Amino acid sequence: MCPVVQLTPQMFHDALAEKWRTMIDTPERILSDARQAIDWAMRSEMIPPMINPCIVKDGKLGDLLPLDRPAGGHEPALPPKRMPAFFKALMELVPVSQTARCLAFAILTAARNTTAREATWGEIQKDDEGNWLHVIPRERMKVKSEKIPFDRKTPLSPQAVELLENTPRIGFDDSQLIFPNINKGKRSAFTRDAVRALIKRMHGKQRKIDGIGWVDPDQKDRTGKPRIVTLHGCARATFNTWAKDARGYNHKAFPRDLRESCLDHRNESYQCAYDREQALGDMREVFDAWGNFCFSEIQKK
């Protein structure tokens, strides 16, 4: 432990230099959280005024950190044809891994990272016809209520419902997280890094089998190697690529507006002004087909 007033830019450099060189957003989030905490402590007069050691731009830490940064761009995603095999490997981990359950749920619902990790039992609801939905408060979504005046609703496929039915429920408070990090308490969500670590372990195991692993063949890191896939890439980019290609993946053709609605991409002002509800029946058809596709390797005899 080190008193805050004794923290230096060199300490943060020593702790984060490797992550800064190899990872896209994790070191930025760590530094942002630390910088805000130190600023808050100074404003609250808990510590004396000091130069925040976490400042990168125009700060000493920026001079210390290496200029060599990983390329940004889109999140790495699986080619859809590989999703059934990936999902089979993932479901083998579900009985012993809460993180695996969270990732599986995210993929089945094409959810954003935070949406899946911070989902609560109270958000799992039935519609008037008895169909299950994940009802996400608009304030938890990327497109906020000032643009879309209703909560986000994602129809749950039979596979997603079964996953939830087999998920241990710790307590019966509706505000309870569905996928809590029980190592940190029942109200603590998994971090992005926990999900990344799970996928990295899956990748390492698969690479020993096929020499490839779970990578996006179209995205390379600075060393020229394919980048390992992410939750966001698999749950959203892979889903969208699959949904666009009706002939390639033998499903009904889904219109672009329907695919965009499944991804909650309806952020154009004119569209949001006139769309006051989601096409839940059509969306359910998409997610049911996606669930069947993800489970296609598991369902083989």
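What is the accessible surface of the chain, and what share of it belongs to carbon and sulfur atoms? In this predicted model, the accessible surface comes to about 16,500 Å², and 52% of that area belongs to carbon and sulfur atoms. The chain has 301 residues, of which 45% count as buried. Its secondary structure consists of 13 helices and 5 strands. Of the contacts between residues at least 6 apart in sequence, 65% join residues at least 24 apart.

**Aromatic pairs**

- A pair of aromatic rings is described by the distance of the centres and the angle of the planes.
- The structure contains 11 aromatic pairs.
- Tyr249 and Phe293 form another pair, with ring centres 5.6 Å apart; because their planes stand at 70°, the pair is edge-to-face.
- This second pair also links distant parts of the chain, as Tyr249 lies in helix 10 (residues 246-249) and Phe293 in helix 13, 44 residues apart.
- Tyr249 is partly exposed, with a relative accessible area of 22%, whereas Phe293, at 14%, is buried. The two residues fall into separate classes because buried means under 20% relative accessible area.
- Ring pairs join Phe239, Trp242, Tyr249, Phe254, Phe287, Trp290 and Phe293 into a cluster.

**Helix packing**

- Two packed helices are described by the angle between their axes and the distance between the axes.
- Helix 5 (residues 98-108) packs on helix 8 (residues 192-210) at an angle of about 95°, and the axes are 10 Å apart. Helix 5 is therefore roughly perpendicular to helix 8.
- Thr99, Ala100 and Leu103 make the contact from helix 5, while Ala194, Val195, Leu198 and Ile199 make it from helix 8.
- By residue class, this contact of helix 5 with helix 8 comprises 6 nonpolar residues, 1 polar residue and no charged residue.
- In helix 7 (residues 158-165), the buried residues are Gln159, Ala160, Val161, Leu163 and Leu164.
- The buried residues of helix 7 pack against helix 4 (83-93), helix 5, strand 1 (124-126), strand 2 and helix 13.

**Loop residues**

- Most residues other than glycine have a negative phi.
- Glu45 is not a glycine, yet it has a positive phi of about 60°. Glu45 is located in the loop between helix 2 (26-43) and helix 3 (60-64), and it counts as exposed at 72% relative accessibility.
- Asn250, also not a glycine, has a positive phi of about 55°. Asn250 occupies the loop between helix 10 and helix 11 (256-262) and is exposed, with a relative accessible area of 73%.
- Asp151 is placed in the loop between strand 2 (132-136) and strand 3 (152-155). At 34% relative accessibility, Asp151 counts as partly exposed.
- The C-alpha atom of Asp151 is separated by 6.6 Å from that of Val135, and the two residues are 16 residues apart along the chain.

Key
Residues numbered from 1 in each chain as written. Predicted model: local features only at pLDDT ≥ 70, side-chain atom pairs only at ≥ 80, totals over all residues. Heavy atoms only, no water. Phe/Tyr/Trp six-rings, centres within 6.5 Å; stacked < 30°, edge-to-face > 60°. Helix = DSSP H or I, 4+ residues; strand = E, 2+ residues; numbered from the N terminus. Buried < 20%, exposed > 50% of the residue type's maximum accessible area, 1.4 Å probe, protein only. Axes fitted to C-alpha atoms, helices over the stretch in contact; angles between N-to-C directions. Parallel < 35°, antiparallel > 145°, perpendicular 65-115°, else oblique. Contact = heavy atoms within 4.5 Å. Nonpolar A, V, L, I, M, F, W, Y, C, P; charged D, E, K, R; others polar. Areas by Shrake-Rupley, 256 points an atom, 1.4 Å probe, with all protein chains shown as cover.
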